[in-house]
Amino acid sequence: MKTEIRVVTQEGPSEVYEEAAKVLQKGGLVAFPTETVYGLGGNALDSQAAQKIYKAKGRPSDNPLIIHIASVEALEDLTDAVPEKARQLAERFWPGPLTMILPKSSKVPLGTTGGLDTVAIRMPNHPVALRLIRESDVYVAAPSANTSGRPSPTMAAHVQEDLEGKIDMILDGGMVEVGIESTIVDLTSAIPTILRPGYITKEMLEHVIGPVQIDPAILDRKGAMTGKPKAPGMKYKHYAPKAQLTIVQGQKEKVIDRIYQLSQEQEKAGKKVGIIATDETVKYYKNGVVRSIGSRMEQGSIARGMYKILREFDHLDVDVIYTESFEGDPMGMAIMNRLNKAAGYSILTAE
Ligand code: TXA
Ligand code: MG
């Protein structure tokens, strides 16, 4: 299959939107930018389109898809009863990086929800995504537009790298803004539960709807591998670069020393070493292939740079990667959730 790649902005050109809309209406696949990561879109109400998505990504079919909408009214179509809390969250955070899990209506095929009777819904805050959904008049099921298990795409080139030849079209809307997938909150449990941390934090949600809990499988370091997370996708090894990644945490100077020492040992053993530093520390590393993920002065830049840097090290063919740690509010939990998974929970404390 030939994949059409088109650069696009909110304003147009409108032929590109028309073409993309047609692809979706005919059951084909279009990758498009959202504010979080690029999505791989297909008609959410068409099981066959959903199947194509699973196939293109190499994704297990029990891992449900998020349905992207462009108006709040779509909620009435996709779920039978819209809880008051869902309305409040939609009002406050949509369009935005928040996905809600709700009971699905009969319109939503099980092929889209991985056999579950609940459905994940989100209104993305990206002008290209919103225009595509509106013009196609299709509810767009879209997982991240990467090959299953690889880092999520934050620019069109990443989508091309993974999916060229496997999908109909890629809309190139430039670099995304957030860089980490949406927060997922399950509104079908007695106390709303965060199944995947993201830009929208527990505190932000609680401010609107009162108490919110976090799926214990996320808090427990090993939980995501051995426990039973409620978002099926969270159980898979994810976001992984090819090289073994190790997180080194602790006080700044100690972390730098420890990474230096470890990379020297690895280099002596003939290994190529990659180091994930920050704008503030990049100058202190004297060996290995050193790259900055972003600046600690602007946490958003670290989230935005994470998947890109993991892909970059794949291209540099390093054998091992050491990274500094990025805890701390407000996005620290989401960043470390993804980084821990990318590292397969290989974490050292520098003392
Ligand atoms: O930011 C995002 O959410 C991006 C952009 C493209 O919107 N999408 C995304 O989709 O990250 P994906 O497929 O990579 O991740 C969807 C996650 C998976 O972990 C999946 O298991 C979970 O959502 N999920 C979907 N439907 C669910 C449901 N009914 N119950 C529990 N978890 C669900
Ligand atoms: Mg994904």
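This is a predicted model: local features need pLDDT of at least 70, side-chain atom pairs count only at pLDDT 80 or more; totals for chains, interfaces and linings use all residues.
Let me start with the layout. The chain is divided into domain 1, residues 4-219, and domain 2, residues 244-349.

As background, strands of a sheet pair through backbone hydrogen bonds, either parallel or antiparallel.

Let me zoom in on one pair. Strand β4, residues 66-68, runs parallel to strand β6, residues 118-122. Three bridges join β4 to β6.

One backbone detail next. The peptide bond from tryptophan 94 to proline 95 is cis. Its omega is near -5°. Where is proline 95 found? Proline 95 is in the loop between α4 (84-93) and β5 (98-103).

Helix α4 also carries a charged partner. Arginine 87 forms a salt bridge with glutamate 76. The closest N and O atoms are 3.2 Å apart. Arginine 87 lies in helix α4 and glutamate 76 lies in helix α3 (residues 74-78), so this pair ties together parts that are eleven residues apart in sequence. Overall, the count comes to 16 salt bridges.

Next, domain 2. Look for an open sheet of five strands, in the order β14-β13-β15-β12-β16. The pairing is parallel. Why is one side of β14 (289-292) and of β16 (347-349) left without a neighbour in the sheet? Both stand at the edges, each with a single partner strand, so one side of each has no neighbour. From one strand to the next, the twist averages 25°.

Again, one pair in detail. Strands β13 (residues 273-277) and β15 (residues 320-324) run parallel. Four bridges join them. Valine 273 stands opposite valine 320 in β15.

Those two valines come up again with glutamine 266. Glutamine 266 is in helix α10, residues 252-268. Leaving aside neighbours within four places in sequence, glutamine 266 is in contact with Lys271, Val273, Val320 and Tyr322. Compare valine 248: its C-alpha atom is separated from that of glutamine 266 by 15 Å, and the two residues are 18 apart along the chain.

One more helix here. Helix α12, residues 332-342, lies across β12 (244-249), β15 and β16. Relative to β12, helix α12 runs at about 135°.

And one more backbone point. Aspartate 317 has phi near 55°, a positive value in a residue other than glycine. Aspartate 317 is in the loop between α11 (299-315) and β15. For context, most residues other than glycine have a negative phi, and most peptide bonds are trans.

Last, the interface. The centres of domain 1 and domain 2, taken over C-alpha atoms, are separated by 29 Å. In contact are 27 residues of domain 1 and 17 residues of domain 2. How much area is buried between the domains? About 1,700 Å², and carbon and sulfur atoms give 61% of that. On the domain 1 side, Pro151, Ile180 and Pro197 lose the most area to domain 2. Together they make up 30% of what that side buries.

Between the domains, the count is four salt bridges. Take arginine 338 and glutamate 181: they form a salt bridge, with the closest N and O atoms 2.9 Å apart.

Which helix gives the most to the side of domain 1 that touches domain 2? That is α6, with three residues. Both α6 (156-163) and α8 (216-219) supply at least two residues of that side.

That is the tour. Thank you.

Methods
Residues are numbered from 1 along each chain as its sequence is written. Chains are lettered from A and ligands numbered from 1 in the order in which they are written. Side-chain values use heavy atoms; hydrogens and water are left out. Two strands pair if DSSP finds at least two bridges between them. Domain bounds come from an automatic or database domain assignment. Contact means heavy atoms within 4.5 Å. Buried area is the accessible area (1.4 Å probe) that two parts lose on being put together, summed over both. A salt bridge is a side-chain nitrogen of Lys or Arg within 4 Å of a carboxyl oxygen of Asp or Glu. Axes are lines fitted to C-alpha atoms, for helices over the stretch in contact, and angles run from 0 to 180 degrees between N-to-C directions.
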